[in-house]
Amino acid sequence: DAGVIQSPRHEVTEMGQEVTLRCKPISGHDYLFWYRQTMMRGLELLIYFNNNVPIDDSGMPEDRFSAKMPNASFSTLKIQPSEPRDSAVYFCASGGEQETQYFGPGTRLLVL
Amino acid sequence: QKEVEQNSGPLSVPEGAIASLNCTYSDRVSQSFFWYRQYSGKSPELIMSIYSNGDKEDGRFTAQLNKASQYVSLLIRDSQPSDSATYLCAVNLGTSYDKVIFGPGTSLSVIP
């Protein structure tokens, strides 16, 4: 298995632009997580899905953030409009039955 | 009080020594505990999980759990420079994936 796949790996955009991050989880995993990591705040859970259904989105910082999982093999995290304080590394992770999570390589987002 | 706490470090140990990393958590009902390793610029990867009080050994790594005292530790024997990384403690505050919370991480540096 290729593991969790994320794209793009790097994104540089200007304030106010829409940003879409993509994730393909490991096949057969029922859970998908979106995290944000910064030096100041560490690793923060934004939202997670179980069987494509959002379970907990209490970590989503603002209405500017939205996430979807239209099928078992694809999820998106969208920021619209983006702001400089959204600059961070965004990780997608997937998990199976044993509560262990497998992280993708991350997307480094820089909002100018 | 934060839900999961770790010493931020950096923790420096000489090559061949034992590195001891500690984590405390606030919720007594927590059942599942994980240690992730994150190299600089990379994504977290699971190295140990522990569910019962006591010790769990895997190669040079030993996880120790004491639910009464609400702490979990990770010992790395015969530390190698390749062990230099940030170690993240993760605690599941509920059941299944209800609420897995990551600590801030401890930076470990193994000096040759």
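Reply: Happy to; what follows goes through the salt bridges and then their surroundings.

Please keep in mind that this is a predicted model. Over all chains, the structure holds eleven salt bridges.

Take A:Glu62 and A:Arg85, whose side chains meet in a salt bridge with an N to O distance of 2.8 Å. A:Glu62 belongs to the loop between strand E6 (53–56) and strand E7 (65–71) of chain A, and A:Arg85 to the loop between strand E8 (74–79) and strand E9 (88–95), so this pair ties together parts that are 23 residues apart in sequence. As for cover, A:Glu62 is partly exposed, at 26% relative accessibility, and A:Arg85 is exposed, at 54%.

A:Arg64 lies in the loop between E6 and E7 of chain A and A:Asp86 in the loop between E8 and E9 of chain A, so here the parts tied together are 22 residues apart in sequence. Are these two buried or exposed? A:Arg64 is buried, with a relative accessible area of 10%, and A:Asp86 is buried too, at 2%. Both values fall under the 20% that marks a residue as buried.

Chain B has a salt bridge to look at as well: the side chains of B:Asp83 and B:Arg60 meet at 2.9 Å, N to O. B:Asp83 sits in the loop between E8 and E9 of chain B, while B:Arg60 sits in the loop between strand E6 (54–58) and E7 of chain B, so the pair ties together parts that are 23 residues apart in sequence. B:Asp83 is buried, with a relative accessible area of 1%, whereas B:Arg60 is partly exposed at 26%.

Leaving aside neighbours within four places in sequence, B:Ile76 is in contact with both B:Arg60 and B:Asp83, and its other partners include B:Ala17, B:Leu21, B:Phe61, B:Tyr87 and B:Leu108. B:Ile76 is one of the residues with the most contacts inside the largest nonpolar core, which has 25 residues; B:Trp35, B:Val72, B:Leu74 and B:Tyr87 are also among them. Strands of chain B that give two or more residues to this core include E3 (19–25), E4 (32–38), E8 (71–76) and E9 (85–92). A second, separate core has 21 residues, including A:Leu21, A:Cys23, A:Met69 and A:Leu109.

On the surface, A:Val12, A:Leu110 and A:Leu112 form a nonpolar patch with about 290 Å² of accessible area together. A:Leu110 is placed in strand E11 (residues 107–111) of chain A and is partly exposed, with a relative accessible area of 40%.

Finally, how many salt bridges cross the interface of chain B and chain A? The rule finds zero there. The contact itself takes 18 residues from chain B and 17 residues from chain A. About 1,500 Å² is buried between the two chains, and carbon and sulfur atoms give 53% of that area.

Technical notes:
Residues numbered from 1 in each chain as written. Chains lettered and ligands numbered in written order. Predicted model: local features only at pLDDT ≥ 70, side-chain atom pairs only at ≥ 80, totals over all residues. Heavy atoms only, no water. Core = buried A, V, L, I, M, F, W, Y, C linked by side-chain atoms within 4.5 Å. Buried < 20%, exposed > 50% of the residue type's maximum accessible area, 1.4 Å probe, protein only. Helix = DSSP H or I, 4+ residues; strand = E, 2+ residues; numbered from the N terminus. Contact = heavy atoms within 4.5 Å. Patch = residues over 30% accessible without salt bridge, like charges linked within 9 Å, V, L, I, M, F, W, Y side chains within 5 Å. Areas by Shrake-Rupley, 256 points an atom, 1.4 Å probe, with all protein chains shown as cover. Salt bridge = Lys/Arg side-chain N within 4 Å of Asp/Glu carboxyl O. Buried area = accessible area lost by both parts, 1.4 Å probe.
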